[in-house]
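Colleague: Please take a close look at the surroundings of the ligand. I would be grateful for one connected account that I can follow alongside the model.

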Amino acid sequence: MSSKPCVVVVTSPSGAGKTTLARGLMERLPQVTFSVSATTRPARSHERDGYDYHFMDRTAFHEAIEQGRLLEYEEVYPGCFYGTPCSEVEASSAEKPVLLDIDVHGALSVKERYGDAVLTVFIAPPSLETLKKRLRERGTETDETLAVRMTRAQYELSLADRFDVTIVNDDLDKALAAFTRLVEHHMAACEAVA
Ligand code: 5GP
């Protein structure tokens, strides 16, 4: 690695608009690359292997852990493992920051490992009710998975104050503008220490 990594980690309860914000950010700042995680969860119908996630079975996932290819990993939902490939972060720099969309624990461990090279951003929904409504409208959840995601959301919100910043996503344009400014500022900070 010739330069120091520059990392932005975005975390939010599923359905709080994080994916939309991440896409919007990369349109505004095309030098930002997206870290493609590994996961054992089944692909949704619109998802592409190698683009949304590296979909793998448990054996392949555990091999990746044993070979030290994952920077961090978590069992985010019972039986569903997710992990960040080391290569995604190692390839980043102030000119080419990487954006990680990972869960609370993953976010905090990446921060602990890379310190100031990492900006942790928590995207909060305006309320838990809004979140539930958005998840229902998305149509990807059964009653059972919706309940699991809502329980998880409450837990994740309780850890928001351990992040560098929280953005409440009640207005997408405003949230995106705030997110973009924060990332530009972080890139400048990475540049200063590179
Ligand atoms: P989903 O199943 O909705 O795509 O993602 C579920 C959760 O897993 C999200 O909160 C997402 O941020 C998290 N996640 C995705 N990739 C990773 C990863 O590499 N590491 C960790 N710790 N969490 C991840």
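**The shell around the ligand**

Modeller: By class, the shell around the ligand is made up of eight charged, five nonpolar and four polar residues (Asp, Glu, Lys and Arg count as charged; Ala, Val, Leu, Ile, Met, Phe, Trp, Tyr, Cys and Pro as nonpolar; the others, Gly among them, as polar). The model is predicted: local features need pLDDT of at least 70, side-chain atom pairs count only at pLDDT 80 or more, and totals for chains, interfaces and linings use all residues. Residues are numbered from 1 along each chain as its sequence is written, and side-chain values use heavy atoms, with hydrogens and water left out.

In total, 17 residues surround the ligand, each with a heavy atom within 4 Å of it. Ser37, Arg41, Tyr53, Tyr82 and Asp103 are the closest of these. For Ser37, a side-chain N or O atom is 2.7 Å from an oxygen atom of the ligand. The side chain of Arg41 places an N or O atom 2.6 Å from a ligand oxygen, and for the side chain of Tyr82 the corresponding distance is 2.6 Å. Of the 520 Å² of accessible area that the ligand has on its own, the protein covers 95% (Shrake-Rupley method, 1.4 Å probe).

The ligand sits in the largest pocket, with more than half of its atoms within 2 Å of the grid points. A pocket is an open set of points on a 1 Å grid where a 1.4 Å probe fits, with protein on both sides within 12 Å along at least five of seven lines. Two elements give two or more residues to the shell, namely strand S5 (70-77) and strand S6 (80-85) (strands are DSSP E runs of at least two residues, numbered from the N terminus). S5 provides the largest share of the shell, four residues.

Methods
A polar contact is a pair of N or O atoms within 3.5 Å; within protein, one must be able to donate a hydrogen and the other to accept it, and residues adjacent in sequence count only if both atoms are side-chain atoms. On a 1 Å grid over the protein atoms alone, a cavity is a set of points where a 1.4 Å probe fits but cannot get out, and a pocket is an open set with protein on both sides within 12 Å along at least five of seven lines; lining residues have an atom within 4 Å of a point.
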